[in-house]
Amino acid sequence: MNAPIIDPLQGDFPEVIEEYLENGIMKCIAFNRRGTLLAAGCFDGSCLIWDFETRGIAKEFKDEECVASITSVCWSKYGHRILVSAADKSLTLWDVVKGEKITRTTLQQTPLQARLHPGSSTPSICLVCPLSSAPMIVDLDTGNMTVLPVSPTEGGNGLAPTSKNKSSDGSAPFSPTAACFNKYGDLVYVGNSKGEILIIDHKNVQVRGIVLVPGSAVIKNIVFSRNGQYLLTNSNDRTIRIYENLLPIKNAVTGLDEATNDLNELEGVEKLKAVGAQCLALFREFQDSVTRVHWKAPCFSGDGEWVVGGSANKGEHKIYIWDRAGHLVKILEGPKEAIIDLAWHPVHPIVVSVSLAGVVYIWAKDYTENWSAFAPDFKELEENEEYVEREDEFDLNPEIEKVKESDANEDEDIDIVGVEKDSTFSDSDMSQDEICFLPADPIPDAPEQQDKCVGSTSKLGESNQSGSPLSEEAGQNGQVNHESSPFEGEDTGTTCLKRKRKPSEKVLELQAEKVKKPSQKTKPSGKHQN
């Protein structure tokens, strides 16, 4: 689509279902940093890598030890690694190019979400949100696990009290806790069941600030925008809230230290709340005041200008899109299937949703070309019209009209190798070996098909040797029925015989004419005998 002929007044958000991806039962999705590859975790424990340009499968990861459903997938910063969490309490780190398993770690609880450290190109540290325990930092190389505090009263020692976290039967009395890294991974933001956002220095395992969410409802989701300027929370009170990040994007810990030093007169929880007020500021709230619907997998657009959230109601596939000012701009309605995951393309106005049936739907913008928006004197025609040109309309008169000389230097070398920096990626110049595409691997024929071919040839040989009435009649008439079998050949010892091609209509007509000619010659001879 040519960008100059698109109406600039159209909203830059998706409108219709452009295509859908179907392969098994997919449960969760994640784009790489450029949006060229889409990872999808499946119900059977496999992870598919879709080439989003060709919409074909470029890679498939399958761990023989994992047969449970995938709960989350996460790319590393430059796409070299991908982290897969599964319902069998496992974390598996894959090498994307080689397709090899780097490491596998088993937890004590089922991980609902796992995120790799965003500040490293080859990370080995991840943030895990288990089903029935506090979030933890896991070192995939050593297997060390550090539990993060979920309340400021835990003293920042990282050990959640067992009396609060687990009951006598081992289950958790509190809801699963949401957590996420900031843009460069030096801080962790945890949303707990009390409606508090804890700002945690995960290296020292210390709560540095607290932000109270209005309503004190359970925080189900928490996620940063790509540029790190805004934080999104999804609470149990059916409200999505946007917070503005007041800390510096880089070296956030340093900014946090400065905010803490200015509040030395305060102590305890009051000091943490004062620090939190200097870290996050409530920016917007989004909710459906009519239906009061719960939200599923809310997130930002790639540029942070739009906020999207899926309806959590069963039996409906509705996606709500707001602008950052808080106005509802679009409601996308899909098939009668619930939404289980949602993702916005990092660059383009494309939303990808996963239905309960395991189908991935791609929502894109329905572009309409409006030439007159850029050329007011351009006349749009509804149908073809005959035009009679003037005799001198296209004649070049050098005295009246002079050709404008180009200001371009024709002797200047043109760079056809260099790549322009994309303003969408602030640190794109740091990546020299980023993985954007994967070569397609040809899929070999399954050995079962060859076994079927061998079995079918043996059956053919047995049927030719057996004296069935049909075969005896065909032998007496001097005819062999070749069309009864799709295979041809006499050697039954081969692994698989060639499949016979179906004759064309022209060949069938010629064969029919050859059959008619002998019968026509016998007719006059019969009359002569009479």
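**View 1. The protein chain holds six helices and 28 strands.** Helices (H or I, at least four residues) and strands (E, at least two) are DSSP runs, numbered from the N terminus. This is a predicted model, in which local features need pLDDT of at least 70 and side-chain atom pairs count only at pLDDT 80 or more, while totals for chains, interfaces and linings use all residues. Residues are numbered from 1 along each chain as its sequence is written, and side-chain values use heavy atoms, with hydrogens and water left out. Of the 530 residues of the protein chain, 42% count as buried (under 20% relative accessible area, 1.4 Å probe, protein chains only).

**View 2. Four strands form an open sheet with antiparallel pairing, in the order β14-β15-β16-β17.** Strands β14 (178-181) and β17 (206-212) are the edges, each pairing on one side only, where pairing requires that DSSP finds at least two bridges between two strands. From one strand to the next, the twist averages 20 degrees.

**View 3. Strand β16 (residues 196-201) pairs with β17 in the antiparallel sense.** Six bridges join β16 and β17, and I197 stands opposite V211 in β17.

**View 4. Helix α2 (residues 252-261) lies across β16 and β17.** Helix α2 runs at about 75 degrees to β17, with axes taken as lines fitted to C-alpha atoms, for helices over the stretch in contact (heavy atoms within 4.5 Å), and angles running from 0 to 180 degrees between N-to-C directions. Helix α3 (residues 268-277) also packs on the sheet, where it touches β16 and β17, and its direction makes about 70 degrees with that of β17.

Technical notes: Buried < 20%, exposed > 50% of the residue type's maximum accessible area, 1.4 Å probe, protein only.
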